[in-house]
Each structure stands twice: as structure tokens, then as C-alpha cells.
Amino acid sequence: MPEFSKKQWIIDYLAALSKMAVGDALSVFLHPQIEQVEFPNALTKQKNTRDLAAMLQGAEAGRKVLQGQSFEIVNYMEDDQNGALAEVIWIGNLAVPIGSLQPGDEMKAHFACVFEFKDQKIFRQRNYDCFEPF
């Protein structure tokens, strides 16, 4: 059996998000007790903490706001234990107006995503999202 690769898991997870995955197609990457924290940014004014159910609901809601999205890892680091860090460029194609952007426009952000793994699944995810002006 091949050795578990945190980097490949994150690549596959972001690919699933790029395909607007929901339900089982997304939860396969996530530990049942996951905690995802999104720190304040231009879209989210307060720190948000989500469990698995809230993350899956957010993925469903994202399908109403976005026509599509993509993630490009521009830097990656991991430790010898259970952690990894990915710097990611995110581009979302909007389905609804946000700020000065209209449906069909692209919204762009630079993410720093800190991942912790347990049982070969994402157990903790912390997002530091920096959006370009919109």
C-alpha cells in the first residue's frame, strides 16, 4: 500500500473544491471531527469556526454564489508530524454581484491554509484569506 501523502491529499481536496464538490465527494477528505477556522477578511468580518456539517452546508451555499472556482498552490511546506501549510491563489467566477464585481467577473484571493491531519484525513484547517479589492 502506498505511503500517505499529505501534499497529494491537499491537491486532491482542492481539486474537489474546484469541481464544486459537495456531500460525500467533499467529506471523504475531512475527518468527522474536523474544525475549520476562517479568520476575519474582506468577506468575513468575524472569525468563523465550522464543523463538518457547516463545511458541507458552506459548499452547497457556494454553488449559489459562484459559477466556478480554482485553486493554485504556489508554495507548500509540511512538518514531520501531522501538519502542512499551503499558499494558494483562489479565483472565483461569480454568479452574483459582490462589491463592484458583477456575475461572470472573477474574484481573486491569496490564501494561507494551515492543515492538521488525523487518521489520514484533514482534522484542522485554518484559513487566512486575503482578497484583492472588489
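Predicted model: local features only at pLDDT ≥ 70, side-chain atom pairs only at ≥ 80, totals over all residues.
Let's begin with Asn 41. Asn 41 lies in the loop that links strand E1, residues 30–38, to strand E2, residues 48–50. So is Asn 41 buried or exposed? The cut-off for buried is under 20% relative accessible area, and Asn 41 comes in at 10%, so we call it buried. What does its side chain reach? That would be the backbone nitrogen of Leu 43, at 2.8 Å. Setting aside neighbours within four places in sequence, Asn 41 also contacts Asp 129 and Phe 131.

Now the sheet. We've got six strands in an open sheet with mixed pairing, and the order goes E2-E1-E6-E5-E4-E3. E2 and E3, which is residues 66–78, are the edge strands; each has a single partner, so one side of each has no neighbour in the sheet. From one strand to the next, the twist averages 20°.

On the E3 side, E3 runs antiparallel to E4, residues 83–94, and eleven bridges join the two.

Then the helices. H1, residues 6–18, packs on the sheet and touches E1, E3, E4, E5 and E6, with its direction at about 165° to that of E3. H3, residues 52–65, packs on the sheet as well, touching E1, E2, E3, E4 and E6, and its direction makes about 60° with that of E1.

Methods
Residues numbered from 1 in each chain as written. Heavy atoms only, no water. Helix = DSSP H or I, 4+ residues; strand = E, 2+ residues; numbered from the N terminus. Buried < 20%, exposed > 50% of the residue type's maximum accessible area, 1.4 Å probe, protein only. Polar contact = N/O pair within 3.5 Å; in protein donor to acceptor, adjacent residues only side chain to side chain. Contact = heavy atoms within 4.5 Å. Pairing = 2+ DSSP bridges. Axes fitted to C-alpha atoms, helices over the stretch in contact; angles between N-to-C directions.
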